[in-house]
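Colleague: I would like to learn how to read helix packing and sheet order. Please take me through one example.

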Amino acid sequence: MSGLAMPAPDGATLARRGEIVADLCAIVPGEGVVDTVSEMRAFESDGLTAYRQLPLVVVLPETTSQVSRVLEYCNERNIRVVPRGSGTSLSGGALPLEDAVLLVMSRFNRILEIDYPNRAVVAQPGVTNLGITHAVEAEGFYYAPDPSSQIACSIGGNVAENSGGVHCLKYGLTANNLLGLEMVLMNGEVVRLGGRHLDAEGYDLLGVMTGSEGLLGVVTEVTVRILRKPETARALLIGFPTSEQGGQCVADIIGAGIIPGGMEMMDLPAIRAAEDFVHAGYPLDCEALLIVELDGPAVEVDHLIDLVEKIAIRNGSTSCRISQSEEERLRFWAGRKAAFPAVGRISPDYYCMDGTIPRKELPRVLAGMRELSEHYGLRVANVFHAGDGNLHPLILYDANVPGELDKAESFGADILRLCVKVGGVLTGEHGVGVEKRDLMPEMFSETDLDQQMRVKCAFDPGHLLNPGKVFPQLRRCAELGRMHIHRGQMPFPDIPRF
């Protein structure tokens, strides 16, 4: 993991590896423990493949009881634990540590209950996002959050990262569609939060867990809200001569009080890559392509299509196609959904970023990214959730060229700094992980970070769950507060400061 500072491995834990593996085999028997180097290679990274590290051992539990016993065992022996879902995280949130147990939740893959009267599904965390929709679509329901990796990403991982997707503009992120959780704390205690009811009394601990990136507990059951499929859904495919004009159209659509089911934008490099890959019928004579989906009663959709078309024309659109069938609507989306793998065909490597900005700043940020692209000498393809300002620039580079990965990371960091500068945030749905960890002070003061760390301390006082992620500096719970340097000596000098 060259260039990435992580907590120093604990020598005592490494020395006891054989004993630890044997004890874990007793807790999770059969094929529940993976400890050979060749077999653990499959788990050495998540979707942020620039960083790789073999774990101490991989454990694949099947029951909440096994998760509880594993965490209790590790807590009593001061062994670090890194939770992992499907491994699709793009921020390094599931990056293993040399001295940590990698707790893989993929065997928790069953839907436990479908409750149509309460419009809820109870699922284990290893069920895929799309698997929930497949389970209920025969009855006319679906699960709204739909990240591009929905065919593979797990619902437990969606909770950890508060994932969104194409349709989160109108229907919300994971947090807005989550009803309840069962989770296991680091000491082995099993806790239930929320349920099938609309709201719960007391502190919003469900909200605290959503987006906590595996730092507070391990989710073992998820209850989500399902929705009725809209009566009608149609999409517009609108081309613009510049990204700035496309960005202004997005702002004008929202400003007119129209909330599309989804509103996505792609620039020319992404358009060409997606069209070559999927053949969705995208126009290749435009610099920016906007996909706007409108759903609801047919008469309302027809009216909104007319309004959006007029707004697009006012912003200088060069083309506009309106889907005339469900097959055509799905074809419009096929290119966008396949944009990431499509870009992988035109560059040996790419670095996928994730920042969020106020919609009105879209033209300014797109122009800024072009300037940064020229500065670093690297191409960038833009694919993003335009409706809510969640950007996913794809920085194209070649890891085999010395220095290009470092340039790509610096380019990405400058994009995120620009997002914060215009009033945005470092991440929209990919999480902080290790990728954005060292940029947290760009957005939060030391006091802000201390307050967040106090929440971590309440759940995991030993800092054993997913250490080295999210927070740019490890703090012990006893250390929180003002740091005083006395005669040049820092308090707690043994704590790694990244």
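Colleague: What is the strand order of the open sheet, and what is the pairing?

Modeller: Ground rules come before the answer. This is a predicted model: local features need pLDDT of at least 70, side-chain atom pairs count only at pLDDT 80 or more, and totals for chains, interfaces and linings use all residues. Residues are numbered from 1 along each chain as its sequence is written, and side-chain values use heavy atoms, with hydrogens and water left out.

Modeller: Now the general idea. Strands of a sheet pair through backbone hydrogen bonds, either parallel or antiparallel. Here the open sheet has 5 strands in the order 5-6-10-8-9, paired antiparallel. Strands (E, at least two residues) and helices (H or I, at least four) are DSSP runs, numbered from the N terminus. Two strands pair if DSSP finds at least two bridges between them.

Colleague: Which are the edge strands?

Modeller: Strand 5 (111-115) and strand 9 (190-194); each pairs on one side only. Strand 8 (residues 178-184) pairs with strand 9 over 5 bridges, in the antiparallel sense. Glu182 stands opposite Arg192 in strand 9.

Colleague: Which strands does helix 4 lie across?

Modeller: Strand 8, strand 9 and strand 10 (218-225), and helix 4 runs at about 50° to strand 8. Axes are lines fitted to C-alpha atoms, for helices over the stretch in contact; angles run from 0 to 180 degrees between N-to-C directions.

Colleague: At what angle do helix 2 and helix 4 pack?

Modeller: Two packed helices are described by the angle between their axes and the distance between the axes. Helix 2 (residues 17-27) packs on helix 4 (residues 64-76) at about 155°, with the axes 10 Å apart. That makes the pair roughly antiparallel. The cut-offs: under 35 degrees is roughly parallel, over 145 roughly antiparallel, 65 to 115 roughly perpendicular, and the rest oblique.

Colleague: Which residues in helix 2 and helix 4 meet?

Modeller: Glu19, Ile20, Asp23, Leu24, Ala26 and Ile27 in helix 2 meet Gln66, Arg69, Val70 and Tyr73 in helix 4. Contact means heavy atoms within 4.5 Å.

Colleague: How do helix 10 and helix 12 pack, and at what angle?

Modeller: Helix 10 (residues 243-255) and helix 12 (residues 298-314) pack at about 140°, their axes 9 Å apart. That makes helix 10 oblique to helix 12. Cys249, Asp252 and Ile253 in helix 10 meet Val308, Ile311 and Ala312 in helix 12.
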